[in-house]
Amino acid sequence: MDRDIRLKRLRFRAWHRGTKEADLLIGGFFDTHSERWDDAQIDLFERLLEEQDVDIMAWAMGTQPVPPHYRGTLMKALEALNYIPIAR
């Protein structure tokens, strides 16, 4: 599949999780980081989207340990939580 089409599909999935909190966390993360991802990171993010939102959010906030297969640079960036737009 073409990279641009794949990223568009992933963006939709990242921003349509079911709750506003998950949309902001996962969608905001995608918008901030996805343009720099290589194919392996896109694959990993695609697998991550198959997980439950409560699990992804717990891993990002550090309330649950990150499974070994998700540990790495992608998860470290997700844990930073500096990509969530907050109205001030």
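What follows is a walk through the charged pairs and then the nonpolar core.

Keep in mind as you look that this is a predicted model. Side chains of opposite charge can pair when their charged atoms come close.

Begin with Arg 3 and Asp 39, whose side chains meet in a salt bridge with a distance of 3.5 Å from N to O. This pair links distant parts of the chain, since Arg 3 belongs to helix H1 (residues 3-15) and Asp 39 to helix H3 (residues 39-48), 36 residues apart. How exposed are the two partners? Arg 3 has a relative accessibility of 32%, so it counts as partly exposed. Asp 39 is partly exposed too, with a relative accessible area of 47%.

Next, find Arg 11, which forms a salt bridge with Asp 31; their closest N and O atoms are 2.9 Å apart. Because Arg 11 sits in helix H1 and Asp 31 in helix H2 (residues 20-33), this pair ties together parts that are 20 residues apart in sequence. Arg 11 is partly exposed at 40% relative accessibility, and Asp 31 is partly exposed at 35%.

Now move along to Lys 76 and Glu 79, another salt bridge, with the closest N and O atoms 3.8 Å apart. Here both residues lie in helix H5 (residues 73-80), three residues apart, which is about one turn of the helix. Is Lys 76 buried or exposed? With a relative accessible area of 58%, above the 50% cut-off, Lys 76 is exposed.

From charged pairs, let us turn to the nonpolar residues. In soluble globular proteins, nonpolar side chains tend to be buried together. The largest nonpolar core here has 25 residues, and those with the most contacts inside it are Ile 26, Phe 29, Phe 45, Leu 48 and Leu 78. Which elements give two or more residues to this core? They are H1, H2, H3, helix H4 (53-61) and H5. H2 gives the most, with five residues.

To finish, zoom in on Leu 48. Leaving aside neighbours within four places in sequence, Leu 48 is in contact with Ile 56, Trp 59, Tyr 70, Leu 74, Met 75 and Leu 78.

How values were computed: Residues are numbered from 1 along each chain as its sequence is written. This is a predicted model: local features need pLDDT of at least 70, side-chain atom pairs count only at pLDDT 80 or more; totals for chains, interfaces and linings use all residues. Side-chain values use heavy atoms; hydrogens and water are left out. A salt bridge is a side-chain nitrogen of Lys or Arg within 4 Å of a carboxyl oxygen of Asp or Glu. Helices (H or I, at least four residues) and strands (E, at least two) are DSSP runs, numbered from the N terminus. Buried means under 20% relative accessible area, exposed over 50%, partly exposed in between (1.4 Å probe, protein chains only). A nonpolar core is a set of buried Ala, Val, Leu, Ile, Met, Phe, Trp, Tyr and Cys residues joined through side-chain atoms within 4.5 Å. Contact means heavy atoms within 4.5 Å.
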